[in-house]
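This report describes a single protein chain.

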Amino acid sequence: MRGLCMGLAALIQFSLPVSHFTVAWMHSVEKIRWEEDYRIEGDRIVAVAARIEGSGAGMGFPDDAVWHKEGDWEYHPNLPPLNKLRLTRSRFTSDYRLCWDGRCKTFTELLGPAPDGTVVELFACPAGTFETAAPAPPQPPPMPRACTEN
């Protein structure tokens, strides 16, 4: 498994051994929650689904979006696989949240605080990031010390 890596200026700052994740944020003007689900396939990130609680300034959704009784529209983004997902942090909105395996953390919790305009890159981790070497064979117990006192 390649997993998900997060970085600043192409340096890995945080990594997770996951194959699926969600990025969530609040729209800076409309204050409407937006979520996008992604899957890691090889060395690419693939957009799988997106949910939005409504429409507004720059927030349209496609005609084939489906309304859910939970209160959001869901659709399947028509995007090619991505080498990197680049997200710009802004003081004008709440922090991005990364969700996986039923839990969510803000980018600040994962990467620490960042200046306004900092670009965070999400990408498939390099091959071997989460591979571990075979465990070392058990060591025999130490030999008892010879008694040197009379």
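This is a predicted model: local features need pLDDT of at least 70, side-chain atom pairs count only at pLDDT 80 or more; totals for chains, interfaces and linings use all residues.

**Fold and core**

The chain holds 1 helix and 11 strands. Read from the N terminus, the order of elements is β-β-β-β-β-β-β-β-β-β-α-β, and the helix, helix 1, spans residues 107-111. The chain has 150 residues, of which 35% count as buried. Among contacts with a separation of 6 or more, 54% are between residues 24 or more positions apart.

The largest nonpolar core contains 29 residues, and the members that touch the most other members are F21, V23, L98 and L122. Two or more residues of this core come from each of strand 1, strand 3 (20-26), strand 4 (33-41), strand 5 (44-52), strand 8 (85-88), strand 9 (97-100), helix 1 and strand 11. The most is given by strand 5, with 4 residues.

Leaving aside residues up to four places away in sequence, L98 touches L4, M6, L16, F21, T22, V23, R103, C104, K105, F107, L110 and L122.

**Disulfides**

A search of the whole structure gives 2 disulfides. The table sets out their geometry.

| Disulfide | S to S distance | Angle about the S-S bond | Handedness |
|---|---|---|---|
| C5 to C125 | 2.0 Å | 115° | right-handed |

When the bonded cysteines are numbered in sequence order, the pairing reads 1-4, 2-3. The disulfide of C5 and C125 links distant parts of the chain: C5 belongs to strand 1 (residues 4-8), C125 to the segment after strand 11 (119-124), and the two are 120 residues apart.

**Rings**

The whole structure contains 5 aromatic pairs. Ring pairs join W25, W34, Y96 and F107 into a cluster.

A ring contact with a charge is found at F123: the charged end of K84 sits over the ring, 5.8 Å from its centre.

**Single residues**

D37 is located in strand 4. Its relative accessible area is 18%, and because buried means under 20%, D37 is classed as buried. Which side chain does the side chain of D37 meet in a polar contact? The partner is the side chain of R51, at 2.7 Å. Not counting residues up to four places away in sequence, D37 touches F21, T22, V46, A47, V48, A49 and R51.

T118 sits in the loop between helix 1 and strand 11. It is buried, with a relative accessible area of 15%. The side chain of T118 reaches the backbone oxygen of P115 at 2.6 Å. With residues up to four places away in sequence left out, the contacts of T118 are L8, L87, T88 and R89.

D101 is found in the loop between strand 9 and strand 10 (103-106). Most residues other than glycine have a negative phi. D101 is exposed, with a relative accessible area of 63%; by contrast, D37 is buried at 18%.

Key. Residues are numbered from 1 along each chain as its sequence is written. Side-chain values use heavy atoms; hydrogens and water are left out. Rings of Phe, Tyr and Trp (its six-membered ring) pair if their centres lie within 6.5 Å; planes under 30 degrees apart count as stacked, over 60 as edge-to-face and the rest as tilted. A charge sits over a ring if NZ of Lys or CZ of Arg is within 6 Å of the ring centre and within 35 degrees of the ring normal. A disulfide is a pair of cysteine sulfur atoms within 2.5 Å. Buried means under 20% relative accessible area, exposed over 50%, partly exposed in between (1.4 Å probe, protein chains only). A polar contact is a pair of N or O atoms within 3.5 Å; within protein, one must be able to donate a hydrogen and the other to accept it, and residues adjacent in sequence count only if both atoms are side-chain atoms. Contact means heavy atoms within 4.5 Å. A nonpolar core is a set of buried Ala, Val, Leu, Ile, Met, Phe, Trp, Tyr and Cys residues joined through side-chain atoms within 4.5 Å.
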